[in-house]
Amino acid sequence: MSKGTESFALNPLPPNSHTIALNRDGSRSASSSSTIATGTNNNRTSPRPRSPPSSSSATTTTPQQHSYYPKQLAFASPASSQQQQQQHDSDGSPGTFGQGFSPSSPSSSSTSAPLYQQQQQQQQSPAAGSSGMALGLSGSSSNSRQHSKYRYSDDEDEDEEPLLLHSSTSFAGSSSSGATRGNSNNNNGAAQGKGPSRQRLSAIMDELKPSKDSKAAKSRTIDFHASAKEKKRYPPNVTRNTKYNIFSFLPVVLWEQFKFFLNLYFLLVALSQFVPALKIGYIVTYVAPLCFVLAVTIGKEAIDDMKRYRRDQEANSQRYQILTPSGLKMVPSSKIRVGDMIVVKKNQNVPADMVLLRTTEESGACFIRTDQLDGETDWKLRLAVPSCQALPSDEALLELNASIYADSPHKDIHSFIGNFTREGDGPGQHMESLSVDNTLWTNTVVASGNAIGFVIYTGRDTRAVMNTNHPKTKIGLLDNEVNRLSKILCAFTLTLSLAMIALNGFEGLWYIYLFRFLILFSSIIPISLRVNLDMGKTVYGWQIMNDKEIPGTIVRTSTIPEELGRIEYLLSDKTGTLTKNDMELKKLHMGTMSYSVDTMDEISTHLDTAYSQQSSGYNRTRGISTAPTHIGGSKARRDISSRVRDIVQALAVCHNVTPVTEDNGSITYQASSPDEVAIVRWTESVGLTLVFRDISNIHVRNAGGEIFEFEVLQVFPFTSETKRMGIIVRDLTTGEIMFYEKGADVVMAKIVQYNDWLEEECGNMAREGLRTLVVARKRLSEEIYQEFEARYHVAKTNITDRTNSMNAVVNQVLEQDLELLGLTGVEDKLQDGVKTTLELLRNAGLKIWMLTGDKIETATCIAISSKLVARNQSIHQIAKLTNALDAQDELDLLRGKKDCCLVIDGESIQLCLDYLREEFIEITVRLPVVVCCRCSPTQKADIARLIKQYTKKRICCIGDGGNDVSMIQQADVGVGIVGKEGKQASLAADFSVNQFSYLTKLLLWHGRNSYKRSAKLSQFVIHRGLIISIMQAVFSAMFYFAPIALYQGMLIVGYTTIYTNAPVFSLVLDQDVPEDIALLYPELYRDLTKGRSLSYKTFFSWLLISVYQGGAIMILSIWLFENQFVNIVSISFTALVLNELLMVALEINTWHRFMILSEIATLIIYVGSMVFLPTYFDMNFILTKTFLWKVAVITMVSSFPLYVIKMLRRKFAPPSYSKLTG
């Protein structure tokens, strides 16, 4: 083996798989399972015996080194099958660099893995986090994360097998110790509580193991010179968010309308009028209202879908440059295919999932913004393929005889396994492993430099599309309730019609009479009900959008405003929704000294003093002055200044922040965590600025302009397991080596020197809602560092339990008796009014879930600072569960805790959803607060769907990023916030707001009014139809049960329109309590969720009222006017109209000027119309005193008793808000 070349154990493809590549001449070459292919996704293959590697593999050379790539990067020489088996069985590595490679050469770790590559080591390295699902696995590492093990769902291709296994599960036939873990616990008896027994859990896990007949996953190998035919095998890169097409629009829309009984009933009644024997009155009176409703609905759907179509067209027509042999070619996004090389400019959206080949940044790395994909506003670093970045020009990419292997498409945006294979000058192949650090996912934005990417997934295969659910038509709970009541009314209509026929003895053509009676009584289910409700929804939407206290609010779905008054579960994103994602260092505590925002200027003074002393001969590394003691003040003063300098310097060096120079010359800081940026900004504000950072050097500048250079020797990135971050640097000025470390107090307290203040101060800051970091350091001699490096190298090359070995060396050599420098408190600024809003919503009875992709520590801190967790509530944390048995134990422990906050991570959630779905949701929905951390977009949507299905309650989801779209669309009410993360969530939501605090008024006030008003309006419209049908029934009974219409023509049309509609519709302006009372006493909202405003009780109450009033009006009309029976129509109709006007007045709680106007105007219109309708009204008779006083008596008899009952009810059974309103 040549110098600098190292041997890696490569993992072969399964025997049934083939690698197809196109040679430069256009011919295909296929290799069988003996072909070596690194990065094979073993988690998706069947358990078949492995074949030995092909002997055709040859030693390759090390690529040109780059500043962002470790010096030890090399590629494989042939390895024996035994070596491969040992490598694979030991750690499940797919044989890719950064994905579990185990260098066998001692020199391979002379340089540590780069900081940016280590940040997601636990997420991407199967060696560090293998779940034991690889072929022939005999052991598994259970101490690391494996994000990809839960990424497959039921909606994937049918020939892909979902492997939802935990870390203790292995394939049948393997010798994994985890395979027998379930059996070892079988003697422990059933788990406590109501969950399944351990035996059952073990059986479930065994059943989920893949069978031998499972098919291989659809991974792909794409050649750099793939033909057009080869590229067409993959989905087109087309964005489709429309709900309909030109053929499906009318059928689907009509089905959506007529699947509701109410609309179907109206359709049948309208069609019956085309049958001569069933015709009653004018056809237009039955057909026109139905056509109006359908026209409005179809128009709204058409407009909404046309807007979606135009947005899709805009996205599909975005033009990009493709690198071709003939030069750069501009093509629309929809024409991009797998295998194309795309040039993405700075600030341009990535059109498809790609592997980053080259970037204009000299370092070979570029930043991307992922806020529309994962909701995080922090920039992410992406690395170009080293050998491609080293090429002399972009056009040289076209000369490469290379291919890229990519694993099958899946939803996990944090996981990718692939490799880059290039044919070398010799007989061998040049292979480089690819991870998620080398990818550019769709909808991300290139933030620095220009990039050239190789397309690997398009269209529906992209991560963004796979994590997005298509919108569904949302139907409000009140609409469903009205639909159920309509069925009861239909039964009542049929019963009444049968009664009329039966009382007549079924004489003559009784079946024809039956249908005629059904049509006569069809007003019992008035078509105006749907029209009035839809018009009411429009009014509610207008009121919401014109509310000056919640400016910028947009109602995008006008069909569900009543749902705002029925919410019982609120699911909220964290970053950008509850918080501004704007961090600020608020406190610095150093044991004997403490600094807050008001005293930060003192730190600048101390820092200036320390560096001025240094320039006068002060040894800045040890704090010992070589100058006379009188220089710079007292010794105590010098000690304070040196201590301040030490901690500020530690904070300025110990981080993963990179300064980025913008086009306008300004410098911004980018890091994987906003905490890091906040700390570096703070050091800049006090006089120590980070001016340069790459993989091996850090430069900082003090207020005097002096530059201090540090060489980065080792970096230990933050992980959820270690909860700390460390760095070893060499001061190039003094040559001293220093180990800095910062982390959570729970771990740092054990490795720093004894002190008596750390625990107390951490508690104080936590109670203030600050995120705490303990900062410490340790001086290292050259001998100690060399000893550490040697031991650390051995640990890094260990092929078994590598992560634990590395952590053990760090703990034994470095993390002993660290000097405690201080404690920082960082505040993540909350959105305005978040604390008050959460408190009001909690008092309103809402159960609040916070779903975030952030770390557990961060989410817990925000939950406390935002008052999401009440002072008297305990916090129960569930994290890092690896098997269902542990999950069952945790749920049993949680079952007895009723008033606590559950904090749970994404892996544990997925484990519970896979194995203990019913137990998990049964317990968690009872808790007042749940915080879900490390949630993927799909998990957020799954949780929302699960709560809906289990509780049957209404849920509201609110978020601000593209990663919240699926959750928002899954909710009964989706609310999107327009913020720093763009408008994607806002555009997909039912309601768009500018900030979280607007929820208070949206739910407690507008939600209350919308539900209360629609409930009253629907019942009053039903009452209006019932009363006239009862009058018709009495009239028909008086005329020997003949199906003759009492009112025809203009009277029946005018009754529901010009004579009563305006007063009835004015109820949409009514309010039962003032706005200030509704917002001051959120407990009033609890009554709305019980659905008492529109229930079977209220419905039957209105039914009895209608029967009483209809019967009273008709019977009294016949009795009092027996000598003027020819005028029965004018008599009864006048009493009916006056009765409805009085009933509206009785139902109004708060008078509005439009209500008064509608009552007066309607009465005037009715009286005036009598003159123009002589067919129905005899003016000589109507102007007599007898007519007037008898009509008054009929009206009083029908309405006055109801007024008395209403007054008695208010006195003896007042509503819950009566005491508040006086």
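Modeller: Fine. Keep in mind that this is a predicted model. Let's take Asp 942, which makes a salt bridge with Arg 945, with 2.7 Å between the closest N and O atoms.

Colleague: Where do Asp 942 and Arg 945 sit?

Modeller: Both are in helix H29, three residues apart, which is about one turn of the helix.

Colleague: And how accessible is Asp 942? What about Arg 945?

Modeller: Asp 942 has 22% relative accessibility, so it counts as partly exposed. Arg 945 is also given as partly exposed, because its relative accessible area is 26%.

Colleague: What does Lys 940 form a salt bridge with?

Modeller: With Asp 964, and the closest N and O atoms are 2.8 Å apart. This pair links distant parts of the chain, since Lys 940 is in helix H29 (residues 937-951) and Asp 964 is in the loop between strand E35 (954-959) and helix H30 (965-970), 24 residues apart.

Colleague: Are Asp 964 and Lys 940 buried or exposed?

Modeller: Buried, both of them.

Colleague: How many salt bridges does the structure hold?

Modeller: 41. One of them joins the side chains of Asp 340 and Lys 231, at 2.8 Å from N to O.

Colleague: Which parts does that pair tie together?

Modeller: Asp 340 is in the loop between strand E5 (327-332) and strand E6 (341-344), and Lys 231 is in helix H7 (residues 228-231), so the bridge ties together parts that are 109 residues apart in sequence. Asp 340 and Lys 231 are both buried.

Colleague: Which residues are linked in a network of salt bridges?

Modeller: Asp 547, Glu 549, Lys 1001 and Glu 1075.

Colleague: Change of topic. How many residues are in the largest nonpolar core?

Modeller: That core has 97 residues. Those with the most contacts inside it are Leu 570, Val 931, Phe 991, Phe 996 and Leu 999. Helix H32 (residues 999-1038) supplies the largest share, 12 residues.

Colleague: What does Val 931 touch?

Modeller: Setting aside residues up to four places away in sequence, Val 931 touches Met 850, Ala 859, Ala 863, Leu 868, Cys 901, Leu 902, Val 903 and Ile 904. Apart from this core lies another, of 48 residues, including Val 343, Val 355, Cys 388 and Ala 406.

Colleague: Which residues of helix H24 are buried?

Modeller: In H24 (residues 834-843), they are Val 834, Thr 837, Leu 838, Leu 840, Leu 841 and Arg 842.

Colleague: Last topic, helices H37 and H38. At roughly what angle do their axes cross?

Modeller: The axes of H37 (residues 1096-1120) and H38 (residues 1128-1147) cross at roughly 145° and come within 9 Å. The crossing is right-handed.

Colleague: Which residues meet there?

Modeller: From H37, Trp 1102, Ile 1105, Gln 1109, Ile 1113, Met 1114, Ser 1117 and Ile 1118. From H38, Ile 1128, Ile 1131, Ser 1132, Ala 1135, Leu 1136, Asn 1139, Met 1143 and Glu 1147. The residues of this contact divide into 10 nonpolar, four polar and one charged.

How values were computed. Residues are numbered from 1 along each chain as its sequence is written. This is a predicted model: local features need pLDDT of at least 70, side-chain atom pairs count only at pLDDT 80 or more; totals for chains, interfaces and linings use all residues. Side-chain values use heavy atoms; hydrogens and water are left out. A nonpolar core is a set of buried Ala, Val, Leu, Ile, Met, Phe, Trp, Tyr and Cys residues joined through side-chain atoms within 4.5 Å. Buried means under 20% relative accessible area, exposed over 50%, partly exposed in between (1.4 Å probe, protein chains only). Helices (H or I, at least four residues) and strands (E, at least two) are DSSP runs, numbered from the N terminus. Contact means heavy atoms within 4.5 Å. Axes are lines fitted to C-alpha atoms, for helices over the stretch in contact, and angles run from 0 to 180 degrees between N-to-C directions. A crossing is left-handed if the near helix is turned anticlockwise from the far one by less than a right angle, and right-handed if clockwise. Ala, Val, Leu, Ile, Met, Phe, Trp, Tyr, Cys and Pro count as nonpolar, Asp, Glu, Lys and Arg as charged, and the others, Gly among them, as polar. A salt bridge is a side-chain nitrogen of Lys or Arg within 4 Å of a carboxyl oxygen of Asp or Glu.
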